[in-house]
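Please walk me through this structure in the viewer. I would like to know what to select at each step and what is found there.

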Amino acid sequence: MAKIVHARLDHQSHELLKRLRRSTGLTDSDLLRRGLRTLAAQTTHRRMPRILGLGKFASGHHDLASNKKHLRDFGRS
């Protein structure tokens, strides 16, 4: 089943699409499908970067670095 996608292109991207359409004879849809497949082939083998140990603290607080109330007396003896 075909899916219609609308996209806003900046001037540079629109000019590039027009130039590719003229030089290849492909439709806008064909060019965009090929572009998506190319990008997917280049990125499928990479994993997204993850923060190791996120949310794994002995205190049980998952927001130690972002919640200032947990740092209220930090460093004071």
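**Starting at D28**

Select D28 to begin; with a relative accessibility of 30%, this residue counts as partly exposed. Keep in mind throughout that the model on screen is predicted.

D28 and R21 form a salt bridge, and their closest N and O atoms are 2.6 Å apart. R21 is partly exposed too, at 31% relative accessibility.

**The largest pocket**

Which helix gives the largest share of the lining? Select residues 28-43: this is helix 2, and five of the lining residues come from it, the largest share. Colouring the lining by class shows eight nonpolar residues, two polar ones and three charged ones.

**Along helix 2**

Stay in helix 2 and select R33 and D30. The two are three residues apart in this helix, about one turn. They form a salt bridge in which the closest N and O atoms are 2.7 Å apart. R33 has a relative accessible area of 39% and is partly exposed. For D30 the relative accessible area is 27%, and this residue is also partly exposed.

**Across to helix 1**

Next, select residues 11-24, which make up helix 1, and pick out K18 and E15 within it. Here again the spacing is three residues, about one turn of the helix. What links the side chains of K18 and E15? The answer is a salt bridge, with 3.2 Å between the closest N and O atoms.

Is K18 buried or partly exposed? K18 is partly exposed, its relative accessible area being 23%. That value is not under 20%, so K18 does not count as buried. E15, at a relative accessible area of 30%, is partly exposed as well.

**Last view**

To finish, show the salt-bridge pairs together: D28 with R21, R33 with D30, and K18 with E15. A search of the whole structure finds three salt bridges.

Notes:
Residues numbered from 1 in each chain as written. Predicted model: local features only at pLDDT ≥ 70, side-chain atom pairs only at ≥ 80, totals over all residues. Heavy atoms only, no water. Helix = DSSP H or I, 4+ residues; strand = E, 2+ residues; numbered from the N terminus. Nonpolar A, V, L, I, M, F, W, Y, C, P; charged D, E, K, R; others polar. Salt bridge = Lys/Arg side-chain N within 4 Å of Asp/Glu carboxyl O. Buried < 20%, exposed > 50% of the residue type's maximum accessible area, 1.4 Å probe, protein only.
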